[in-house]
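Here are a few exercises to work through with the model open beside you. Try each task before reading its solution.

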Amino acid sequence: MSAWSRREFLKGSLVAGSGLAAGIGFPRILTAQGKEPIRVGILHSLSGTMAISEAPIKEVVLMAIGEINKAGGVLGRKVAPVIEDPASNWDLFAEKSKKLLLQDKVAAVFGCWTSVSRKSVLPVFEKNNGLLFYPVQYEGEECSKNVIYTGATINQQATPAIDYLMSPEGGGKQKFYLLGSDYVYPRTTNKILRLYLTKVKKVPESAIAEEYTPFHHQDYQTIVGKIKSFSAAGDAAVINTINGDSNVPFFKELANQGVTADKTPTMSFSFAEVELQTLDVKPLVGHLASWNYFMSLKTPENLKWVKAYKEWCKGHGIPDKQCVTDDPMMHAYIHVHLWAKAVQKAESTDVEKVLRALEGLEIPSPVGKYKVDEKNHHTWKPVYIGKIREDGQFDVVWKTKSWVRPAPWSEVTYPGRDCDWSNSGKGSFDVVGGKRMWLSDKS
Amino acid sequence: MHTLVAVLAAAWVLTGLGGRAAAGPGAFDLEAAASRLAAPATQKDVLGELAGSSDPAVERLLRALKDGALYAWKGRTVLLGDDGGLTDVAGRPVLDSQGQPAQLESGAEAVALDEAHFGLVRRTLERFEVFGRDPLKRQSAAFRLGTSGDPAAIPVLARALEGETNGDVRVALEDALAKLRLRSSDAADRLGAVKRLGWRASEAAVPQLQALLAGETDPAVRAAARTALQDIDRFVVQRNAIGYLFNGVSLGAVLLLMSLGLAVTFGLMGIINMAHGEMLMLGSYTAYVVQEIFAAWFPGYVDSYFVVALPLAFLVAGVVGLALEWGVIRFLYGRPLETLIVTWGVGMILQQGARLYFGDQTSVNSPTWLRGGAEVLTGLIFPWSRIFIVVLALAALGALWLLLYRSYAGLNVRAVMQNRAMAACLGVSTRRVDAVTFSLGTALAGVAGCALALIGTVDPEVGKTYIVDSFMVVVLGGVGKLVGTVVAAVCIGVSNKLIEPAIGGTAAAVYAKVAVLVIVIWFLQWRPTGLFAQRGRAATETA
């Protein structure tokens with residue numbers, strides 16, 4: 001390194017030059033905003049098949065960031081969103097998250113919808129110690145240090161739905177037809193529900209039917225015929241985890257063959273207000289859905305939020321018909337505020353410190369009290385059952401007495417398994433002979 | 001509901017019956033019962049007594065209690081109406097000492113319903129739903145009471161049956177009564193109920209009959225129950241067989257409809273049109289757009305949108321097909337691989353265009369005259385939309401056959417397809433025939449898409465779900481043969497729908513499709529030319 005080559009010299013001067021430029025340029029920005037903004041990533045599909053569900057999530061995340069900035073930002077700094085569109089492509093999710101973490105150096109990412117997309121970004125977040133907020137209900141059996149799961153676990157959506165259907169208000173149903181699309185979420189959900197029904201609810205195996213159809217399946221004649229026979233005595237309900245477009249032919253067939261919601265209700269876990277706006281709702285009226293949030297909730301916070309979102313729609317060219325709120329949107333909106341509150345509390349954007357601050361953090365929300373679990377990176381919230389109305393909204397017919405503890409590992413499939421990321425914790429563990437056996441140590 | 005109650009109340013007063021004289025086993029002094037309801041100590045007992053009543057005055061009383069509209073007023077119990085007026089338990093307006101309608105003094109407190117009895121009141125009130133206005137609600141209330149196993153519902157059902165005029169509801173009420181009478185202590189009653197359920201072949205009563213058989217001691221009832229169960233079983237097997245056959249025919253019609261267009265473009269012309277699915281999609285979106293236009297501008301005629309949409313879908317897809325032929329395909333005749341790739345690309349462009357313009361999911365509402373279905377046997381309903389599709393498929397097939405085999409234009413088409421050079425020599429404009437024939441094929445696809453929107457989804461990728469099935473039908477039927485397409489569609493449809501229930505397991509729909517594909521592949525190995533082979537010189541030329 002005694003003599004500088006010409007190329008190295010040029011490179012060096014370029015760096016110096018740009019540094020100088022930055023040095024001249026930056027003070028002006030600093031005086032304008034006080035300090036450099038905190039960057040956060042938004043990783044939701046804005047094109048492709050998932051855009052219908054994910055694009056509204058981006059809107060509420062931006063809206064929450066706007067609210068935070070209006071109130072003075074976090075730690076006296078503004079929050080600046082970096083939006084990436086992974087275009088419903090699972091590989092692109094991993095690529096874009098790498099870009100957000102390494103190039104944009106974002107403090108947190110709000111993103112993903114499908115389990116596949118979450119699984120594909122998980123290694124990226126764990127390797128680079130990023131922080132992902134995930135707003136959608138999912139099948140559980142996961143508990144990453146680098147993810148805060150705000151959507152429902154199975155015991156916060158599916159099992160309360162069973163409790164409701166078996167109760168007198170729900171019609172005292174004794175038989176269950178589990179119907180879903182053939183992929184991981186329905187299969188895992190139904191595996192857990194089957195165990196829950198047989199072990200906890202003492203429903204005999206013969207009173208449970210299970211069936212899967214491929215994606216985009218169109219012909220539900222035979223299956224609806226089976227459901228009709230199965231439910232002839234009026235003591236059965238359908239648990240529906242069919243994904244996306246196949247719901248249309250399924251519900252049309254149900255209605256046409258005279259299976260009524262009144263006698264044989266269908267309980268769905270995978271469509272909410274946003275999806276209902278695009279469907280012919282008539283065949284669905286009276287059927288049920290289980291969520292942590294409905295747009296029709298009458299809490300003061302919700303009325304305020306819905307009103308604010310309507311304003312936002314007007315300002316951002318979203319047609320009134322599409323301007324609805326739903327469960328994943330509520331979680332996404334709340335988790336941005338959760339993150340901001342945690343950063344404020346930690347007085348830092350450092351992932352470790354923010355995670356410490358998030359433990360047990362409580363926040364008012366449209367569903368009432370809402371908090372992050374002290375240990376397992378999931379959140380506490382109530383569960384509502386809603387009946388579909390003609391206008392694509394839900395009438396709330398039932399709710400849990402209070403908020404429900406999140407259980408990423410279901411009690412029935414993995415008895416005794418839980419997750420702890422607090423101070424001493426190392427993630428998921430089994431209890432063997434009264435002692436914790438960390439899963440990370442086993443492998 | 002309120003007017004109904006008012007009318008009932010008026011009738012009550014006019015006939016001078018009053019609560020006291022209510023007929024049936026539940027007749028007793030309502031006024032006294034009401035005042036005992038108001039006392040917390042006796043509330044539970046009274047509710048128990050009222051639970052078996054079928055008296056509309058009891059319904060009124062209990063509803064008022066549940067809604068907090070029951071008041072103690074000057075030593076008697078009165079009901080507060082929505083208009084603020086007071087009535088007594090028999091529904092007569094309450095007058096004050098001046099003979100004017102009485103008013104509650106402000107601060108009066110309603111009779112409290114103990115939380116613990118809320119369920120009982122709700123269950124009792126549910127029984128009265130068999131008197132409701134909506135026949136469907138009455139029917140399902142009857143069904144619910146029948147399965148409740150609650151003998152207290154018998155008098156309510158019997159009274160409902162007396163006044164019922166709707167045939168379907170009457171049957172439901174009689175079924176419900178029979179189910180409840182299975183638990184009667186009188187063996188003759190039980191026998192009658194068993195016979196009725198067996199005669200009705202009521203699948204819904206199977207659990208009750210089995211329960212009865214397990215505990216029954218009377219030999220005559222036992223024998224009757226066994227026969228009834230056998231009868232029901234036999235009926236269900238027969239009914240299911242008919243149902244599967246209809247499902248198969250209906251799927252066959254769907255396949256026929258979606259592949260008729262392809263039978264023309266691929267079968268006759270030999271063009272591998274990978275955008276065929278997107279032509280169906282165009283038809284579906286035409287239905288959607290017309291529906292939206294009707295909903296926005298002619299809301300009164302929204303039910304007839306489909307009549308407009310069907311021919312419009314034919315036109316739209318036909319015009320797009322014409323443009324496709326003129327712009328792309330005419331340069332690629334005789335080059336099947338290039339045609340395949342180019343039409344696939346066109347299909348993707350159309351898909352993406354639909355996604356950008358319409359978004360990812362929309363759906364078409366069936367007009368009300370195509371909702372629901374015809375109940376051909378107890379528990380077996382043929383949906384109108386599926387019957388419509390069968391009829392439409394037959395009509396389209398008939399029209400196409402007439403056009404191809406009984407018209408001059410059809411003669412030209414067949415001439416060009418069989419021997420292009422000779423036809424051209426005889427003065428047929430082969431260019432025009434090509435264009436029009438291709439356009440006809442896509443137009444048929446448009447009609448199919450429009451009709452299939454009634455039972456399926458409308459989304460940009462819907463074409464993908466159709467294209468493979470369509471090609472399978474045409475290839476199996478034998479390229480170039482209309483009759484082959486028909487037979488293949490029905491065969492695939494029926495065998496799919498017979499295999500699917502036979503497989504069982506948790507993914508029968510997938511395995512049935514796989515099984516059908518395996519059969520088709522095996523068949524084509526055995527007979528590569530399909531069910532109906534093209535014979536003659538043209539066939540040997542193309543082979």
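**Exercise 1. Find the domains of chain B, and say how far apart the centres of domain 1 and domain 3 lie.**

Step 1. Chain B splits into domain 1 (2-124), domain 2 (132-217) and domain 3 (238-542); such bounds come from an automatic or database domain assignment.

Step 2. Taken over C-alpha atoms, the centres of domain 1 and domain 3 of chain B are 64 Å apart.

Before you go on, a word on the ground rules: residues are numbered from 1 along each chain as its sequence is written, while chains are lettered from A and ligands numbered from 1 in the order in which they are written. The model is predicted, with local features needing pLDDT of at least 70 and side-chain atom pairs counting only at pLDDT 80 or more, whereas totals for chains, interfaces and linings use all residues.

**Exercise 2. Describe how domain 1 and domain 2 of chain A meet.**

Step 1. Look at the contacts (C-beta atoms, placed from the backbone, within 7 Å). In chain A, 18 residues of domain 1 touch 16 residues of domain 2.

Step 2. On the domain 1 side, helix H2 (51-70) and helix H11 (327-346) of chain A each supply at least two residues. Helices (H or I, at least four residues) and strands (E, at least two) are DSSP runs, numbered from the N terminus. H2(A) gives the largest share of that side, 3 residues.

Step 3. Sort the residues of this domain 1 side: 8 are nonpolar, 5 polar and 5 charged. Here Ala, Val, Leu, Ile, Met, Phe, Trp, Tyr, Cys and Pro count as nonpolar, Asp, Glu, Lys and Arg as charged, and the others, Gly among them, as polar.

**Exercise 3. Which element gives the largest share of the side of chain A that touches chain B?**

Step 1. Between the chains, 39 residues of chain A are in contact with 40 residues of chain B.

Step 2. H2, strand S7 (208-213), helix H7 (221-230) and helix H8 (247-256) of chain A each bring at least two residues to the chain A side. The largest share, 6 residues, belongs to H7(A).

Step 3. The chain A side holds 12 nonpolar, 15 polar and 12 charged residues.

**Exercise 4. Trace the open sheet S16-S17-S18 of chain A.**

Step 1. This open sheet of 3 strands is paired antiparallel, where pairing takes at least two DSSP bridges between two strands.

Step 2. Strand S16 (418-420) and strand S18 (435-438) of chain A are the edges, each pairing on one side only.

Step 3. Strand S17 (residues 427-432) of chain A is joined to S18(A) by 4 bridges. Val431(A) has Arg436(A) in S18(A) as its bridge partner.

How values were computed: Contact = placed C-beta atoms within 7 Å.
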